[in-house]
Structures are given as C-alpha cells and as structure tokens.
Amino acid sequence: MYHCPVELALDVIGGKWRAVILAHLKERAHHYGELRRKVPGISEKMFVQRLRELQEAGLVARKEVSPNVEYSLTEEGRTLGPALQALYDWGLLRAARTGVVIAQS
C-alpha cells in the first residue's frame, strides 16, 4: 500500500540510474553496448540489474536483433515521456541557474 502516488512512481522509476536509462530510451531504442556507453559511472552489474528491474516493471522491452540485443520502451514505458521530459527540462534550467556543466553524450 502506498500513501501517495509519488511514492509509487518513485518506487518504480526512482534512483539515479533507472531514470537515466529511461530518459535515453525515451529518445529511441538502443543496442545494449550503445545504451551502456550512454550511462557512464555505473558498474556493469548495476547496469544489468537496473535494466532487469525496468523490464520486470513492464517499462522496458528486450529484443534479440541478431547479433545484438536491443532495448526500447514498452507502451507503458512510453507513458512516462512527459514526466521524463519535465525532469530533463528542469535539469537543464537548474544547470543553467547553478553553473553546473552537463556533458553531452
């Protein structure tokens, strides 16, 4: 049982890495290696674990495209688009206000 809808949302997409992975997949599907390079600073074990969690939550689909594996958002994952875009936009504005540099990937 949750006491607030935000609590449920953060339980599913919370944490730094899940939201970052979802943000990259919001743009388009990615092969595993390509997606992995877009998320530096996370261990391989943690990256795989987060991808599995997102799959189990029904937000990310894994598809074998020989010889690669491709990840994309499911229909349910795509419903996060506006929320992810709002976080992206807020992050850009916050960086501009505070002088934080955001590396382009």
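Two strands pair if DSSP finds at least two bridges between them. Helices (H or I, at least four residues) and strands (E, at least two) are DSSP runs, numbered from the N terminus. The model is predicted: local features need pLDDT of at least 70, side-chain atom pairs count only at pLDDT 80 or more, and totals for chains, interfaces and linings use all residues. Residues are numbered from 1 along each chain as its sequence is written, and side-chain values use heavy atoms, without hydrogens and water.

**Sheet**
- Strand β1 and strand β3 (residues 68–73) run antiparallel and are joined by two bridges.
- His30 has Tyr71 in β3 as its bridge partner.
- Three strands form an open sheet in the order β1-β3-β2, with antiparallel pairing.
- β1 (30–31) and β2 (60–65) are the edge strands, each pairing on one side only.

**Helices**
- The axes (lines fitted to C-alpha atoms, for helices over the stretch in contact, with angles from 0 to 180 degrees between N-to-C directions) of α1 (residues 5–13) and α2 (residues 16–27) come within 8 Å and cross at roughly 80°.
- α1 and α2 are therefore roughly perpendicular, a term for angles of 65 to 115 degrees.
- Their contact (heavy atoms within 4.5 Å) involves Leu10, Asp11, Val12 and Ile13 of α1 with Arg18, Ala19 and Leu22 of α2.

**Largest pocket**
- A pocket is an open set of points on a 1 Å grid over the protein atoms alone where a 1.4 Å probe fits, with protein on both sides within 12 Å along at least five of seven lines; lining residues have an atom within 4 Å of a point.
- The largest pocket is lined by 22 residues, and α2 supplies the largest share, eight residues.

Definitions and conventions: Parallel < 35°, antiparallel > 145°, perpendicular 65-115°, else oblique.
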